[in-house]
Amino acid sequence: MDGIIRLLYSFKFTVFGIEIDSGNLIGTIEKLTNFSSVKGINIWSIGKTVNDVIIPIALSLLILFFMINLIKKSMEVERISWERVVMAFVSFLLLKYFIQHGYDFLSSIMNITNDIFVSITHAIGNSNSSINIADTLIDAVPDGFVDSIMTYRIIFKPFMTTIVQILTQIFLRVVKLILCFAFAPIPIALAADDEGRGKAIQYFLFAASVGLEAVIIYLATNIYSVGLAGLSSTVGSTNAISTIVAMLFLNGMYLAVIQYASQFAEKLTGGH
């Protein structure tokens with residue numbers, strides 16, 4: 001029976017250069033959330049390629065919005081001064097620099113959020129760091145043959161479905177990171193206009209929130225691992241139905257927290 005369970009609930013594959021392993025749940029999630037690891041995936045270069053294409057477009061937008069803003073200032077005859085004109089040109093030069101080096105600027109923001117992530121992973125490191133999903137399920141399910149068959153048969157589809165949804169949500173964060181880097185020059189160009197300045201700031205706050213999502217995802221994974229491992233300690237006092245409900249509850253909670261991670265991170269940074 002144990003061999004069949006390991007066959008059904010064990011998976012290991014490589015996608016985009018990252019190994020997904022059910023035998024090392026937290027280690028797998030850490031690879032998908034650590035910015036240093038994410039930069040090594042084979043689709044990361046797409047963000048840099050698109051960024052290079054967007055830079056000339058952003059510079060054109062910068063010039064356009066700068067001229068519009070300059071015309072607006074020149075029409076305010078009673079408020080026009082050389083100081084305001086000089087400050088407008090200084091602002092233009094600074095924005096031009098940030099457009100051309102926006103990728104590096106965003107990398108600095110992500111490195112800061114990743115330092116927070118690494119500090120938390122070191123602080124929370126525990127015995128569940130290499131939890132094996134299949135082995136944990138074997139320990140958690142009642143020993144009776146009927147109970148075992150009932151449990152594994154009923155939970156297989158919803159259990160694996162939520163695991164796939166969770167991995168998809170975590171990969172979605174990777175895609176959001178790539179998009180943030182790819183289109184960073186555009187909101188910087190919009191900052192040339194007084195009304196667009198707030199949007200540019202909000203964009204980088206949103207990018208920071210995507211970086212902080214990693215922390216919440218990692219915390220959720222640790223909570224899930226502790227809960228899953230804890231099921232084995234109650235196996236002697238529960239029946240198959242109780243075990244099924246407990247497992248589906250843990251998976252549902254895990255998925256819900258992962259989905260809420262982006263909202264909570266945006267609230268932390270104000271980037272919503």
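**Cavity, pocket and core**

A: Among the elements of this predicted model, strand E2 (18–21), helix H2 (25–33) and helix H8 (145–182) each contribute at least two residues to the lining of the largest cavity.

Q: Which residues line the largest cavity?

A: The lining of the largest cavity consists of Phe11, Ile20, Asp21, Ser22, Leu25, Thr28, Ile29, Ile163, Ile166, Leu167 and Tyr254.

Q: What is the volume of the largest cavity, and how many cavities of 30 Å³ or more does a search of the whole structure find?

A: The volume of the largest cavity is about 70 Å³. Searching the whole structure gives 2 cavities of 30 Å³ or more.

Q: Staying with H2, which of its residues are buried?

A: The buried residues of H2 are Leu25, Ile26, Gly27, Thr28, Ile29, Leu32 and Thr33. Since 7 of the 9 residues of H2 are buried, the helix is largely enclosed by the rest of the structure.

Q: What does tyrosine 224 touch, leaving out residues up to four places away in sequence?

A: With those residues left out, tyrosine 224 touches Leu25, Phe159, Ile163, Leu250, Asn251 and Tyr254. Tyrosine 224 belongs to helix H10. Its relative accessibility is 0%, so tyrosine 224 counts as buried.

Q: How far apart are tyrosine 224 and isoleucine 26, in sequence and in space?

A: In sequence, 198 residues separate tyrosine 224 from isoleucine 26, while their C-alpha atoms are 9.7 Å apart in space.

Q: What about the largest nonpolar core: how many residues has it, and which have the most contacts inside it?

A: The largest nonpolar core has 60 residues, and Trp44, Leu106 and Tyr224 are those with the most contacts inside it. Apart from that core lies another, of 5 residues, including Ile26, Phe117, Ala214 and Val215.

Q: Which residues is leucine 106 in contact with, leaving aside neighbours within four places in sequence?

A: Leucine 106 is in contact with Cys180, Phe181, Ala184, Phe204 and Ala207 when those neighbours are left aside. Leu106 is also one of the buried residues of H6, which include Gly102, Tyr103, Asn114 and Phe117.

Q: And H6 itself, how many residues has it and how far does it reach?

A: Helix H6 (residues 102–124) has 23 residues, and the distance from its first C-alpha to its last is 33 Å, close to the 33 Å expected at 1.5 Å a residue.

Q: Is glycine 102 buried or exposed?

A: Glycine 102 counts as buried because its relative accessibility is 0%. The C-alpha atoms of glycine 102 and alanine 182 are separated by 9.7 Å, although the two residues are 80 apart along the chain.

Q: Is asparagine 51 buried or exposed, and what does it touch?

A: Asparagine 51, found in helix H4 (residues 45–75), counts as buried because its relative accessibility is 1%. Not counting residues up to four places away in sequence, asparagine 51 touches Tyr103, Phe181, Ala182, Ala184 and Pro185.

Q: Changing topic, where is the kink in H10 centred?

A: The kink in H10 is about 25° and is centred on glycine 211. The 34 residues of helix H10 (residues 197–230) should span 50 Å at 1.5 Å a residue, and this agrees with its end C-alpha atoms, which are 50 Å apart.

Q: How many residues does H10 give to the lining of the largest pocket?

A: H10 gives 6 residues, the most of any contributor to that lining. The lining residues of the largest pocket include Arg197, Ala200, Ile201, Phe204 and Thr269. About 230 Å³ of space lies in this pocket.

Q: One more local point: where is phenylalanine 16, and what is its phi?

A: Phenylalanine 16 sits in the loop between strand E1 (12–15) and E2. Its phi is positive, about 55°, although phenylalanine 16 is not a glycine. At 37% relative accessibility, phenylalanine 16 counts as partly exposed.

Q: Finally, what does the secondary structure of the chain come to?

A: The chain has 11 helices and 2 strands. Of its 272 residues, 44% count as buried. Among contacts between residues at least 6 apart in sequence, 82% join residues at least 24 apart.

Methods
Residues numbered from 1 in each chain as written. Predicted model: local features only at pLDDT ≥ 70, side-chain atom pairs only at ≥ 80, totals over all residues. Heavy atoms only, no water. Helix = DSSP H or I, 4+ residues; strand = E, 2+ residues; numbered from the N terminus. Expected span 1.5 Å × (residues − 1). Bend = angle between axes of the 7 residues up to and from the residue. Core = buried A, V, L, I, M, F, W, Y, C linked by side-chain atoms within 4.5 Å. Buried < 20%, exposed > 50% of the residue type's maximum accessible area, 1.4 Å probe, protein only. Contact = heavy atoms within 4.5 Å. 1 Å grid on protein atoms, 1.4 Å probe; cavity = no way out; pocket = protein on both sides within 12 Å on 5 of 7 lines; lining within 4 Å. Points joined across faces, edges and corners; volume = space filled by probe spheres on them.
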